Amino acid sequence: MMPISTRNLSPLPGVKELRRLMQSLAVLDAILSPDWEDRYYSFDGHWSQNEQLGSMRNGSGDFLFELFNPYGCFLKGFAHESVMSPYRTEPPRLWPGLFDDVPLEFKPCLDEPAFAIEDTTFCAWCQTTDSKWLRGSIDFPEGSDPDGSIELLKIFDHQPNTYQQWAQDYYECPVDINAIRQIYQHLPLTPTLIQQLNPVLSIADLFEDLHEIGYPVAKVV
């Protein structure tokens with residue numbers, strides 16, 4: 001099976017599924033890394049009125065943003081070492097076609113300072129009326145991953161073991177696959193579930209994170 005990339009967007013989850021997956025990834029990172037600065041994935045369920053924002057930062061210059069709103073989802077990423085980096089030229093120049101055909105409803109994203117649009121190597125979008133993800137008309141250069149999208153989008157295959165393999169490498173500790181599966185299913189968080197991933201953490205410790213992410217918590221009986 002071909003990996004997810006801007007040249008193969010069909011395996012990318014739909015808007016609702018991607019939103020839920022981003023919440024799951026943000027919760028997992030919040031449990032495994034209480035220090036926000038060390039996390040890869042985050043999710044702001046209150047980015048603005050009727051908008052939520054998922055993001056990824058790897059600490060090495062690569063990042064990804066996903067804006068969810070009533071129109072659908074706008075996704076943009078930046079892989080700083082990719083051959084389609086705007087910094088391949090002097091002065092920097094975005095790869096032609098990246099933002100071709102961006103729907104009117106997502107045009108404001110191109111002017112959002114937080115998204116650092118000047119630092120973009122790939123972009124895609126999916127409106128609620130679309131049957132698939134779309135991108136601009138791009139003449140890709142040679143290479144297996146010219147815009148870095150394979151590397152940055154591979155986590156979205158919705159396979160718990162993909163996250164487990166990544167997390168164990170990044171956090172350098174065992175990560176319980178059953179706990180990952182439950183959070184991928186959006187099962188409410190319980191003290192037991194949290195402790196399967198981080199024995200020294202409590203729900204109280206995660207209160208602010210869970211409120212921001214919008215992830216369900218089991219009721220205390």
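**Briefing: fold, cores and charged pairs**

Buried residues (under 20% relative accessible area, with exposed over 50% and partly exposed in between, using a 1.4 Å probe and protein chains only) make up 50% of the 221 residues in the protein chain. This is a predicted model, in which local features need pLDDT of at least 70 and side-chain atom pairs count only at pLDDT 80 or more, while totals for chains, interfaces and linings use all residues. Residues are numbered from 1 along each chain as its sequence is written, and side-chain values use heavy atoms, leaving out hydrogens and water.

**Overall fold**

- The protein chain has six helices and five strands; these are DSSP runs numbered from the N terminus, with helices being H or I of at least four residues and strands E of at least two.
- From the N terminus on, the order of elements is α-β-β-β-β-β-α-α-α-α-α.
- The C-alpha trace spans about 55 × 35 × 35 Å along its principal axes.
- Contact means heavy atoms within 4.5 Å; among contacts between residues at least 6 apart in sequence, 60% join residues at least 24 apart.

**Nonpolar cores**

- A nonpolar core is a set of buried Ala, Val, Leu, Ile, Met, Phe, Trp, Tyr and Cys residues joined through side-chain atoms within 4.5 Å.
- The largest core has 50 residues, and those touching the most other members include Leu25, Trp133 and Phe156.
- Helix α1 gives the most to this core, with 11 residues.
- A second, separate core of 20 residues includes Phe63, Phe74, Ala116 and Ile138.
- Beyond its neighbours within four places in sequence, phenylalanine 156 is in contact with residues including Leu18, Leu21, Met22 and Leu25.

**Charged side chains**

- A search of the whole structure finds two salt bridges, each a side-chain nitrogen of Lys or Arg within 4 Å of a carboxyl oxygen of Asp or Glu.
- One joins aspartate 209 and arginine 39 at 3.0 Å, N to O.
- Aspartate 209 lies in helix α6 (residues 207–213) and arginine 39 in the loop between α1 and β1 (41–48), so the pair ties together parts 170 residues apart in sequence.
- Both aspartate 209 and arginine 39 are buried.
- Lysine 154 forms a salt bridge with glutamate 151, with the closest N and O atoms 3.2 Å apart.
- Lysine 154 is partly exposed at 42% relative accessibility, and glutamate 151 is partly exposed at 47%.
- Aspartate 29, found in helix α1 (residues 15–32), is buried yet has no salt bridge.
- The nearest side chain of opposite charge to aspartate 29 is arginine 39, 6.7 Å away; Lys and Arg count as positive and Asp and Glu as negative, with His and the chain ends not counted.
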